[in-house]
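Dear colleague,

Please find below the structure that I am handing over to you, together with its sequence. My findings follow directly after it, and I would be grateful if you read them with the structure open.

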Amino acid sequence: MLRVSVKSRDALKSFELFSGKKESISKQKMEGQSSVEKRVIVVAMDGSTEAESALLWFANNIYKKGDEVVVVHCLHHTAHYTMGSVWAPVDAQAVARAFEEESKHATKVCSQLTDLLHKYEIVGKVMQLQGDPGHQIVTTAEECRASFIVVGCRGIGVIRRTVLGSVSDYIVHHSNIPVLVYRH
């Protein structure tokens, strides 16, 4: 299943850029110069098989030579910020070890993502970010002036998504550029 969010005319133009329905022509070409707009695509990856499926689908169906691909992986520690309470204090060293283990895991995931880019013959870079994944992905896409965002969907249930939240839902609702949600 493929779901795309388009909220404005500019977003619709960006969608046309990656859908292949119209040629991607920059403002300069419209004014008589001959330069083609370079697409910047942000691909959100969490290391899951669903995210890898989304990257493979992107490589086979949308990616074009010359695209600038930015693969984003977010490290989010907030689960540890809420550990412990007045009644059950947490061991600070245990939290520090958990942070360190998560950081090592994120570095390993980013290395694997770099390998996937080479495997699928995608020219791009991998960025490791820290913080809330949805917010970081949307912010990075805006900073990179991305044409669109590609994200996988794990297909978690309605109740679990309502309680835990969904990164893909956050991105769809907060992004000002088109979002392609790949559901395997």
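A residue is called buried here when its relative accessible area is under 20%, and exposed when that area is over 50%. Serine 168 has a relative accessibility of 4%, and it therefore counts as buried. Please keep in mind throughout that the model is a predicted one.

Overall architecture

The chain contains eight helices and six strands. Read from the N terminus, these elements follow the order β-α-α-β-α-β-α-α-β-α-β-α-α-β. Of the 184 residues in the chain, 38% are buried. The chain exposes about 11300 Å², and 53% of that area comes from carbon and sulfur atoms.

Confidence

The average pLDDT of the chain is 77, and 66% of the residues score at least 70. Residues 21–34 call for caution: pLDDT stays under 50 there, and the model has 15 contacts beyond four places in sequence for this stretch.

The nonpolar cores

The largest nonpolar core has 22 residues, of which Val43, Met45, Leu55, Phe58 and Ile122 touch the most other members. Two or more residues of this core come from each of strand 2 (40–44), helix 3 (49–61), strand 3 (68–75), helix 5 (92–119), strand 5 (148–153) and strand 6 (179–183). Helix 3 makes the greatest contribution to this core, with five residues. Methionine 45, beyond its neighbours within four places in sequence, is in contact with Ala51, Glu52, Leu55, Val71, Val72, His73, Leu113 and Leu116. There is also a second, separate core of 19 residues, including Cys74, Ile137, Ala141 and Ile149.

Cysteines

How many disulfides does the structure hold? The number is zero. Cysteine 74 has its closest cysteine sulfur in cysteine 110, and the distance of 9.3 Å is too far for a bond, because a disulfide requires the two sulfur atoms to be within 2.5 Å. Cysteine 110, whose nearest cysteine sulfur is that of cysteine 74, is likewise in no disulfide. Both side chains belong to buried residues: cysteine 74 has a relative accessibility of 14%, and cysteine 110 has a relative accessible area of 10%.

Helix 8 and serine 168

Serine 168 lies in helix 8, which spans residues 167–174. Apart from neighbours within four places in sequence, serine 168 is in contact with Val151, Gly152, Cys153 and Val181. The buried residues of helix 8 are Ser168, Ile171 and Val172. Viewed down the axis of helix 8, these buried residues fall within an arc of 100 degrees, so they line one face of the helix. The background is that an α-helix has 3.6 residues a turn, so residues three or four places apart point the same way.

Proline 133

Proline 133 is placed in helix 6, which covers residues 133–143. Its relative accessibility is 17%, so proline 133 counts as buried. Beyond four places in sequence, proline 133 is in contact with Cys74, His76 and Val167. The C-alpha atoms of proline 133 and leucine 75 are separated by 7.5 Å, although the two residues are 58 residues apart along the chain.

With kind regards

Definitions and conventions. Residues are numbered from 1 along each chain as its sequence is written. This is a predicted model: local features need pLDDT of at least 70, side-chain atom pairs count only at pLDDT 80 or more; totals for chains, interfaces and linings use all residues. Side-chain values use heavy atoms; hydrogens and water are left out. Helices (H or I, at least four residues) and strands (E, at least two) are DSSP runs, numbered from the N terminus. Buried means under 20% relative accessible area, exposed over 50%, partly exposed in between (1.4 Å probe, protein chains only). Contact means heavy atoms within 4.5 Å. The arc is that of the directions from the helix axis to the C-beta atoms. Accessible areas come from the Shrake-Rupley method with a 1.4 Å probe; for residues, only the protein chains shown count as cover. pLDDT is the predictor's confidence in each residue, from 0 to 100. A nonpolar core is a set of buried Ala, Val, Leu, Ile, Met, Phe, Trp, Tyr and Cys residues joined through side-chain atoms within 4.5 Å.
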